[in-house]
Structures are given as C-alpha cells and as structure tokens.
Amino acid sequence: MSWMTPSSGMPRTSARGSTSSMKLTPWWLIPGWLALGTILGIGITMFFLRGGGVAPPLPKITPLVVLAVVVVLLWAGWQVRRVKEGKSAAIGGLGASSIAVLAVASAHSGALLVGVFGVMSALYWIDAVGHYMLVQAITAGCTAVASLGLSIAGFLVERWCRISGDDDSSATGASAAA
C-alpha cells in the first residue's frame, strides 16, 4: 500500500518498507514556479497598493530567515554526500531521504518566492514615496535574492541526494533519493 501516487514524483513506501525511485526536478520546472510567483506577486502587490494603500510591514529579518534555511539545507546536503561516500556523518539513511524531500520543496518554493518578492520589490520601489516604502522595497529585494539562493541550494542538494546505480533509472531517467 503506498502513501503517495507514483505520478507525484515523491518517494513511495510499500507495506514491506521498500522505497521506489524519486525523479529529479527537471530544470524547466523551476522557471515555471518563478512565473507563477511573478503572477502571484503582481496580484498580491496590486491588492495591497490599490487605492493608494500602504504595504503591510515585511519584517527586516525575513531575508536572514531564508538564508538560515539555505545554510541548514546545504549543511544537511553535505552530510548526505558524506553518507553516500561511506564517511561518518551526522545524518542517517532516513534523515537523508527527508533532506531529499526538503531539497525538492526548497527548489520549488524558492523559485516561487523569487517571483513574489521580486515583483513586490520592483513595485514597491516604483511606488516608494517615503522611507517606509523604500525600506519595504529593499527588504523584499533582499528576500528575493535569498530565495534565489534557496532555490539554487535545493536544486543542488537534490542532485547530491541522488543514488547512482538504480536499476530503474537507466530506462526512465529517474533516480532514487538517498
């Protein structure tokens, strides 16, 4: 009995505990998430700024929080690489598979957030008539850059979590996650 459908691209565990392969994120999916984020960013920003409205406060710590996730993801991905090489690592096999899933989520959500915060930054900058909107534009721009780092880190760590030698991957181009 599986907990996810095979078409979702997520690992599937059977009742016996075996894991099926997990497909890597194709490169073209990341720009798709970026485009969706851009559309959402336009909608969200126009909603906030309609009729001369003021943007809600975006905490200045937001880019630092995203960067902290990037650092943790890269560290955990490096630990997965160590596990694959047979070296001592601070993570086990179950943790490695969790990191693979986190990497996929980070690649997708990072691209989405780049679009949202990038558009917010640009539109706030255009509408920046005071110090408050200028600070919001800079914060959103820094968050967009940090989100780009999140997307790139997720894409990279996802590849680090790949197990070569999977019998199914030779025919389908898929690979398993550690």
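Helices, here runs of at least four residues that DSSP labels H or I, and strands, runs of at least two residues labelled E, are numbered from the N terminus. The model shown in these views is a predicted one.

**View 1. The chain as a whole, with its helices and strands.** The chain has 5 helices and 2 strands, and when these elements are read along the sequence they follow the pattern α-α-α-α-β-α-β. Of the 178 residues in the chain, 34% are buried, where buried means that the relative accessible area is under 20%.

**View 2. Asp127 in the loop between helices H3 and H4.** Asp127 is found in the loop that lies between helix H3, residues 93-126, and helix H4. Although Asp127 and Leu49 are 78 residues apart in sequence, their C-alpha atoms are 8.7 Å apart in space.

**View 3. Leu150 in helix H4, shown together with Ala68.** Leu150 belongs to helix H4, and with a relative accessible area of 6% it is buried. The C-alpha atoms of Leu150 and Ala68 are separated by 9.5 Å, while the two residues stand 82 residues apart along the chain.

**View 4. The aromatic pair of Trp78 and Trp160.** A search of the whole structure finds 2 aromatic pairs. In the pair formed by Trp78 and Trp160, the ring centres are 5.8 Å apart and the planes meet at 75°, so the pair is edge-to-face. Trp78 lies in helix H2 and Trp160 in helix H4, residues 131-160, so the pair ties together parts that are 82 residues apart in sequence. The two partners also fall into separate accessibility classes, for Trp78 is partly exposed at 44% relative accessible area, whereas Trp160 is buried at 15%.

View 5. Side chains of opposite charge can pair when their charged atoms come close. The count for this structure comes to 1 salt bridge, and it joins Arg159 to Glu158, with 3.4 Å between the closest N and O atoms. This distance of 3.4 Å can be compared with the cut-off of 4 Å that is used for a salt bridge. Arg159 is partly exposed, with a relative accessibility of 28%, whereas Glu158 is buried, with a relative accessible area of 3%. The charged end of Arg159 also sits over the ring of Phe155, at 3.7 Å from the ring centre.

**View 6. Arg50 over the face of Phe47.** In this close-up, Arg50 lies over the face of Phe47, and the distance to the ring centre is 4.1 Å.

View 7. With a relative accessibility of 46%, Val65 counts as partly exposed.

View 8. Cys142 is partly exposed, with a relative accessible area of 40%, whereas Cys161 counts as buried, with a relative accessibility of 1%.

Terms used:
Residues are numbered from 1 along each chain as its sequence is written. This is a predicted model: local features need pLDDT of at least 70, side-chain atom pairs count only at pLDDT 80 or more; totals for chains, interfaces and linings use all residues. Side-chain values use heavy atoms; hydrogens and water are left out. Buried means under 20% relative accessible area, exposed over 50%, partly exposed in between (1.4 Å probe, protein chains only). Rings of Phe, Tyr and Trp (its six-membered ring) pair if their centres lie within 6.5 Å; planes under 30 degrees apart count as stacked, over 60 as edge-to-face and the rest as tilted. A charge sits over a ring if NZ of Lys or CZ of Arg is within 6 Å of the ring centre and within 35 degrees of the ring normal. A salt bridge is a side-chain nitrogen of Lys or Arg within 4 Å of a carboxyl oxygen of Asp or Glu.
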